[in-house]
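Subject: Structure handover

Hello,

Please find the structure below. My notes on it follow.

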Amino acid sequence: MKLIVLVNQNLNRTNLNRFNLGKKKNQLNKFFWSILPMNDEKLFFEYNKSEYRPKKNKNFINIKSYYELYKNLKKVKKNTYFLNKAGNYLKSSLIELIMKFKGCIILKKIEWYENTHTSENFINKISRIYKFGIIFTVKKFFRIFRFLIKRFLVEALSCKPNYFIIENQSRENYLKSQKINNFIKVNSFTYSSFNKIKSKKNSKNYFVFLDSEIENSFESKVLKNKHGFINHLKYWKCLENIFDQLSKNFKMDIKIASHFRRSKYNKPIKKKFYFDQTLKLIKNSKFVVVQNSSAIDWAILLKKPILLLNFKAFDAISLENSDSIKFYKNKLLLEIINIDSNYNFKMKKKMNSLFNVNKEKYQKFSKFYLNYKTCKFPHLDEWDMIYNKLNKKLNYKTR
């Protein structure tokens, strides 16, 4: 059984594990096509430097030209499974359309979960954007307008999938409410990784900060978004002040779990940065400090105390940044430090309530947003589960 997965990123240590392209063999014969070199050659070569810890694998192909894309498309046979994980781009939608015409079976993955539930009205959202100035607001509207046009074109080209792939109960409930039953339930990479280490408890005397590299992220570079309203120097100085106060209050060290795409030479402050060890660092920590990182899911699964940082400046990137922070605060009753647009903040002298983890809410959250109410195959990763489901359907059809 052959599966082609279209992506728009490089292969590094984290993605090697996420895509299961390491030592473990899988009955699903997976090939990853990356169109990052075609979309942004400069960015591709940047992240291919040794400082970003790139990896190579025979099943991960970097498509560097339209001619190379043509040659690979020509080899695709009917009934090959195809999964577009390259994002909502015209190029990836066109490739998906070609795959459909060639008789491929189209899969669509609905990743993560909605973490920005808000009933805020349009006027309030506009006022939040307007705080950054009239020129910024006008530019923002033009970007939103271009995005809506692009999304319309992408949706017009998108194929109706043969199967949806989902990772949690929230998505399952949504699809069922839409009368959609052609979905495959899988364990996310986050859950599978957690399941391997969940019984090993060994907390040490430190807290960990989950770096998202939000001030200069890979995603912002792909989308050509310049974060002019974020002062990198003040941002990291503010973080350093927060870390120092927390270290003093709780008499413990700080360890920074570097984002998996951060350069090993990019260490903005004189604190210890650890690379490609995020899950291990969370597992062994006393508590977790996070702003807007998907790695928060590991902290929730491990039932760690969590301190949220809400930077007002990040609303200039997207209002979803603050909205997601509020989502976690309300769902899990977490402590939060709000940082204004001038990078000023107030911290409680005593934050002992930080360690009052509401395990019932954590557990409820985990079973709804991070996995399922009933997980029948917790030991399997997503690729095993996709293969088992598709193989079962294939055998049923051939009877």
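Helix 5 (residues 90–101) lies across strand 1, strand 2, strand 4 (81–84) and strand 5 (105–110). Its direction is at about 165 degrees to strand 4. Helices (H or I, at least four residues) and strands (E, at least two) are DSSP runs, numbered from the N terminus. Axes are lines fitted to C-alpha atoms, for helices over the stretch in contact (heavy atoms within 4.5 Å). Angles run from 0 to 180 degrees between N-to-C directions.

This is a predicted model: local features need pLDDT of at least 70, side-chain atom pairs count only at pLDDT 80 or more, and totals for chains, interfaces and linings use all residues. Residues are numbered from 1 along each chain as its sequence is written, and side-chain values use heavy atoms, with hydrogens and water left out.

Seven strands form an open sheet in the order 3-2-1-4-5-6-7, with parallel pairing (two strands pair if DSSP finds at least two bridges between them). Strand 3 (60–62) and strand 7 (183–185) are at the edges with a single partner strand each, so one side of each has no neighbour in the sheet. From one strand to the next, the twist averages 25 degrees. Strand 1 (residues 2–7) and strand 2 (residues 29–34) run parallel, joined by six bridges. V7 stands opposite S34 in strand 2.

The cores

The largest nonpolar core has 34 residues. Such a core is a set of buried Ala, Val, Leu, Ile, Met, Phe, Trp, Tyr and Cys residues joined through side-chain atoms within 4.5 Å. Buried means under 20% relative accessible area (1.4 Å probe, protein chains only). I300, I306, L308, Y328 and F365 have the most contacts inside this core. Helix 13 (296–301) is among the elements that give it two or more residues. The largest share, five residues, comes from helix 13. I300 touches I306, Y328, L332, Y362, F365, S366 and L370, leaving out residues up to four places away in sequence. A second, separate core has 32 residues, including F275, F287, F311 and M351.

The whole chain

The protein chain has 16 helices and 13 strands. Its radius of gyration (over C-alpha atoms) is 22 Å. Of the 399 residues, 51% count as buried.

Best wishes

Conventions: Buried means under 20% relative accessible area, exposed over 50%, partly exposed in between (1.4 Å probe, protein chains only). The radius of gyration is taken over C-alpha atoms; the globule rule is 2.2 Å times the number of residues to the power 0.38.
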